[in-house]
Amino acid sequence: FSGVDSLAKLRMLDRVLLERLHHKAERVRALWSQNHNDWEETAYQWLAQYWGGVLNGAPMARLAKAIPLKILQKQRDHLFQIEALLFGGSGMLTDTTGADTYQVNLAREFRFLATKYQLGDNLLAPHEWKFLRLRPAGFPTVRIAQWAVFCQVLPSFFSTLIEAENPEELLRLFGVRQSEYWQQHYRFGKQAASRVPALGKTTAQSLVINAAVPLMVAYGQERTLPLLTDRAVSWLERLPAEHNSFTRAWEALDMHVKTAFDSQALIEWQASYCGQKKCLECT
């Protein structure tokens with residue numbers, strides 16, 4: 001591989017990155033169709049999936065569907081009520097035996113709001129959330145608390161993600177600090193030894209790469225606005241590369257991985273070509 005002409009590698013990088021953006025945009029548009037062409041709800045659900053991280057992305061996506069954005073927006077003046085809706089919808093308030101005052105009050109508030117908004121039985125179970133193999137700052141309890149603050153401070157999910165001038169603007173928005181209780185706890189009723197940090201910079205960068213960029217491309221495709229795809233690509237060129245098993249394998253082959261453009265392209269290259277043994281379709 002190291003003996004292949006560098007221009008051939010660059011051509012392949014450009015190709016697979018556009019293919020990756022297209023594949024992700026198709027998933028966004030499928031979700032948009034399920035949401036009856038509602039971009040706001042689609043942006044909320046799509047972002048929630050990546051907010052949960054690798055292990056808890058699926059339950060976070062389900063939580064976003066169980067507690068629609070339009071309900072959270074009705075409670076924008078009250079963070080505690082947003083927390084009650086999200087933690088109640090997550091199933092983490094079903095058993096409050098031996099719980100502290102905060103959790104008991106959350107459960108009481110959720111019962112009232114669940115009746116008010118007729119949330120029904122489409123709620124999650126506690127066992128769906130993963131805590132193992134996660135650093136405490138990435139626990140789903142902390143991520144949900146940060147998500148609650150983000151949902152409160154953001155007037156519009158879709159326009160904020162689409163109209164941002166640069167990725168740095170979104171990185172600042174994503175760096176939210178959770179409520180006071182969750183600055184002192186990683187789990188209900190268990191005091192943390194030190195102050196719990198806000199959403200980290202690496203996580204915020206991942207949200208821009210995996211959530212904001214595909215959403216921008218999907219909207220550009222739907223409205224025939226190629227400039228949005230160009231902007232998305234330029235954002236990836238400005239963000240640092242992701243570091244994972246895929247990028248480490250490429251670096252072992254003397255492939256330089258400097259930006260998110262590189263890392264996203266190389267992930268797609270491995271998954272869609274090398275991993276599928278489509279060697280004859282590779283430049």
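Helix packing and ring pairs

Me: What describes the way helix H2 (residues 39-51) and helix H7 (residues 140-153) come together?
Reply: Their axes come within 11 Å and cross at roughly 150 degrees. Axes are lines fitted to C-alpha atoms, for helices over the stretch in contact, and angles run from 0 to 180 degrees between N-to-C directions. The model is predicted: local features need pLDDT of at least 70, side-chain atom pairs count only at pLDDT 80 or more, and totals for chains, interfaces and linings use all residues. Residues are numbered from 1 along each chain as its sequence is written, and side-chain values use heavy atoms, with hydrogens and water left out.

Me: Why is H2 called roughly antiparallel to H7?
Reply: Angles over 145 degrees count as roughly antiparallel, under 35 as roughly parallel, 65 to 115 as roughly perpendicular and the rest as oblique. The angle here is roughly 150 degrees, so H2 is roughly antiparallel to H7.

Me: Which residues of H2 and H7 meet?
Reply: Tyr-44, Leu-47, Ala-48 and Trp-51 in H2 meet Arg-143, Gln-146, Trp-147, Phe-150 and Cys-151 in H7. Contact means heavy atoms within 4.5 Å. By class, this contact of H2 with H7 has 7 nonpolar, 1 polar and 1 charged residues.

Me: What makes H1 roughly perpendicular to H13?
Reply: Helix H1 (residues 6-34) packs against helix H13 (residues 260-274) at about 85 degrees, with the axes 8 Å apart. That angle lies in the range 65 to 115, so H1 is roughly perpendicular to H13.

Me: How many aromatic pairs does a search of the whole structure find?
Reply: The search finds 27. Rings of Phe, Tyr and Trp (its six-membered ring) pair if their centres lie within 6.5 Å; planes under 30 degrees apart count as stacked, over 60 as edge-to-face and the rest as tilted.

Me: Why is the pair of Phe-131 and Phe-139 called edge-to-face?
Reply: The centres are 5.1 Å apart and the planes are at 75 degrees. That angle is over 60, so the pair is edge-to-face. Phe-131 and Phe-139 are both buried (under 20% relative accessible area; exposed is over 50%, partly exposed in between; 1.4 Å probe, protein chains only).

Me: Why is the pair of Phe-150 and Phe-174 called tilted?
Reply: The ring centres are 5.5 Å apart and the planes are at 45 degrees, so the pair is tilted. Phe-150 lies in H7 and Phe-174 in helix H9 (residues 167-174), so the pair ties together parts 24 residues apart in sequence. Phe-150 and Phe-174 are both buried.

How values were computed
Helices (H or I, at least four residues) and strands (E, at least two) are DSSP runs, numbered from the N terminus. Ala, Val, Leu, Ile, Met, Phe, Trp, Tyr, Cys and Pro count as nonpolar, Asp, Glu, Lys and Arg as charged, and the others, Gly among them, as polar.
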